Amino acid sequence: MNKMPNWADTILVPLLSLLLAAVISGVVIALIGHNPIYALKLMVSGALGTSTNFSYTLYYATNFIFTGLAVAVAYHARMFNIGGEGQAYIGGLGAALACLYIPWPHWTLALIGGGLAAAIFGAAWAAIPAYLQAKRGSHIVITTIMFNYMSYPVVNYLLNGPIKAEGMEPATPSFAAEIALPNLSAILGTFGIAFSDRGPANFALVIALLACVGVWILIWRTKLGYETRAFGESESAAKYAGINPTKIIMIAMLISGALAGMMAINNVMGEAERLVLNAVEGAGFIGIAVALMGRNHPLGILIAALLFGILYQGGAELSAELRIPREMVTVIQALVILFTGALDNMVRMPIEKLFLSLRRKEAK
Amino acid sequence: MTEQSPAIELKGISKAFGPVQANKDISIRVMPGTIHGIIGENGAGKSTLMSILYGFYKADSGEIFINGKKTEIPDSQAAISAGIGMVFQHFKLVENFTVLENVILGVEDGFLLKPSLNKARKELRQLAEEYELNVDPDAVIENIGVGMQQRVEILKALYRRADILILDEPTGVLTPSEADQLFRILGRLREEGKTIILITHKLREIMDITDTVSVMRRGEMTATVKTAETNPSHLAELMVGRKVLLQVDKAPAQPGEIILDVKNLNVTDEQGVHRVKDVSFNIRAGEILGIAGVAGNGQSELLEVLGGYCVATGDIFMNGEPIDLTGDKSDGQSRRERGIAHVPEDRHREGLILNFSAWENTAFGYHKDGKYQKNGVLMDNAAIVQDTAEKMERFDVRPPNPMLAAKNFSGGNQQKIVVAREIERNPDLLLIGQPTRGVDIGAIEFIHKQIIALRDQGKAILLVSVELDEIMSLSDRIAVMFDGKIMGERLPDETNTQELGLLMAGVQGETA
């Protein structure tokens, strides 16, 4: 017997969590002397007000879709991949190398080549923790965190030395102009839709949406997805069925790492068009919250990624407009993560009880 | 003289979990110095009722009287101080503590342990004499047998001054002789005036030892009768609500070719414990080999090896061809390809994925089957759903809804989903472990018929069960396992539970 209807589980609970987070954020904003309603208006208009702002929102959302999907795929195999941050950073390195050292004749080919390189580099960075988990039982949470920390000095060293551009900045040279991915205004333009060309949203959004569909098919329509979910639900049952644990852990983590790496299509190839220091900007970690909130389902992840895109972009506008420190915005984001993720049960339990008592009344 | 007040009286106890009414207006009187049996199928509400009595759950309505006095039992502390002791099905002992330490755990007197231990030692000796409950107070729990551990649980309750003992399925883990010993102890406790409530689903135990018996069905108390005035088939009928065949009808076996030949099989687990020792046997087409034994004597490992997910040494031949026991290709998939189907002992841990729907579980292990695929890449979910619906119909799974998650079916229906999946593969060899554990009587009858039908189609069947009755009634040959070895083989017509019980306890008969 399900404790409550599906719609309550997938829509009502996250919505209420969000509302709670908003209320407490409001209190926080009021405490530092601003009007919470005005702040909310600023945030919403900052994220959705103009098509330039919306472009930023979509750009962030694209990042979060990739990292959210990465967490979700691993999660279905009961692997908690905390390493999205590092995998995306190393993925960026792969994309940068492919774009810098191979003279692609056209952006479409660069997209395929660079995207593949990003995926392979990201997957490779996930492969070692995956192998250690599968063969040695080293906990994937610990090893992926360590691999995050290892990714920073590796890329930092390269950006300060071997692949550094001329000048003061630790970054690679810019990629050739011909291989720049079309931005969203160009794409929408072909359909006759006007959209600001000053924002960073680009063709990577299309790839992210395709990735959502791809992950959905993989998890719910293929043998591999079936085996992955079975393994994630019950390792003992998977062994009985003849599902190879090592194989599932490796493949799920490789796909997860590849998805995280593919974030580079957006931030490295689509936006910066070069690799800069700290290119991932925490998107790998936000992916965990996005997957959690999206219930590890691509559709949920899409919605959660958009929400976090709004929070990110709106938050940036908020801190600029009200001159409140950037950290306050982080507090608001953290509240959302806390309520939708960690404190999920706090909202869930009372609602479950409510539905149970409602049902009991019906029975009587 | 006024009438003696009952040790326990429950009046109108009701308890609902959500929409499920686990206990419905239950009233019961248990007189002091008697053994009162509570019998019912899984999910009938026995455990819920006892949990209310022991303070784990709070009843929605109803009253509890202990020795005639109305008593509130909000938690287990209150139950203990009311003189109620509980022996759980799964013991609550600290494995690496001694008997003595376990007994005083939670009721130590002061800051220092030593005085409590000394006091307990004295008291334990007294209790042991009084009730013939002999245990070594300094033995470490993990080193003593299950029967002994159970005695520690009883001692724990007595040490806490329990006058009322509740035992939940106490014989599930015991050999027949250990069970007899337990019953002697219970008899002794009764003589000393203790009141005992025995929860079980085994009719024989009820008949053997109880004074009165209450039958539960679907949360209701359907009858309370004097044991002397009833009989097993009447009780079974009260439990299920219809007439049940307790005996399995089957024609004599017609054994054919040897299907499975096992030679000198050995299993050593990861801790280096030698689990299966030099086991050899064979099974012919059209016969059922039953493996009897107390749980944990190597039967599980034997099934796992044959099922392809436990490493072993030795030789296994299937239809005369050797089976690879060690290579990478030795897994559940390869076994299925060789015509071995497997209903595992524990459907919750292995046979099913509880969060998967019935149709996903029907494909489980056979998800690579060609008829479940389309376009070469994707799984044909619609075909699996269709197949599941048909299987559910043939095996009378209720509710017949392929979309429902496995966890939402009752034990019997879950088991039918597994059995349908495996039997309908038309295997040459069926491995079936504990086919009716936690399964209601109606489904037991059905599953037994399916097993016999498969045998009569000329298939080989390896049956592992801890229920001796099941082994006796289904098997064409019986092998008994103890400590990883096969102690001997018997024909069901030429043996009896006493002889098998001795073999299960590792006592080699003269003829073996």
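## Helices and a pocket

A helix here is a DSSP run of type H or I with at least four residues, and helices are numbered from the N terminus. With that in hand, let's look around this structure, which is a predicted model.

Start with the second largest pocket, whose volume comes to about 1900 Å³. It has 44 lining residues, and the ones closest to its centre are A:Asn6, A:Asp9, A:Thr10, A:Arg295 and A:His297. Which helix gives the most to this lining? That would be α1 of chain A (residues 6–31), which supplies seven residues.

## Phe285 in chain A

Staying in chain A, find A:Phe285, which sits in helix α13 (residues 283–293).

Who are its neighbours? Leaving aside residues up to four places away in sequence, A:Phe285 touches A:Ile82, A:Glu85, A:Asn148 and A:Tyr152.

## A stretch of chain B

Over in chain B, the unreviewed UniProt entry places the feature "domain: ABC transporter" at residues 8–243 and 260–508. Take residues 260–508: this part of the chain is 33% helix and 25% strand, with its end C-alpha atoms 26 Å apart.

## The sheet in chain B

Strands of a sheet pair through backbone hydrogen bonds, and they can do so in a parallel or antiparallel way. In chain B, four strands make an open sheet with antiparallel pairing, in the order β12-β11-β14-β15. At the edges are β12 (274–284) and β15 (321–322), each pairing on one side only.

Zoom in on β11 (residues 258–268) of chain B, which is joined to β12(B) by seven bridges in the antiparallel sense. Look for B:Leu260 there: the residue opposite, in β12(B), is B:Ile283.

## A helix lying across the sheet

Helix α9(B) lies across β11, β12 and β14 (313–318) of chain B, and runs at about 120° to β11(B). Is this helix mostly enclosed or open? Seven of its nine residues (299–307) are buried, so α9 of chain B is largely enclosed by the rest of the structure. The buried ones are B:Gln299, B:Glu301, B:Leu302, B:Leu303, B:Val305, B:Leu306 and B:Gly307.

Just past the end of α9(B), look for B:Gly308, which takes a positive phi of about 95°.

Conventions: Residues numbered from 1 in each chain as written. Chains lettered and ligands numbered in written order. Predicted model: local features only at pLDDT ≥ 70, side-chain atom pairs only at ≥ 80, totals over all residues. Heavy atoms only, no water. UniProt positions renumbered as here; feature names shortened; annotations may be inferred. Helix = DSSP H or I, 4+ residues; strand = E, 2+ residues; numbered from the N terminus. Buried < 20%, exposed > 50% of the residue type's maximum accessible area, 1.4 Å probe, protein only. Pairing = 2+ DSSP bridges. Contact = heavy atoms within 4.5 Å. Axes fitted to C-alpha atoms, helices over the stretch in contact; angles between N-to-C directions. 1 Å grid on protein atoms, 1.4 Å probe; cavity = no way out; pocket = protein on both sides within 12 Å on 5 of 7 lines; lining within 4 Å. Points joined across faces, edges and corners; volume = space filled by probe spheres on them.
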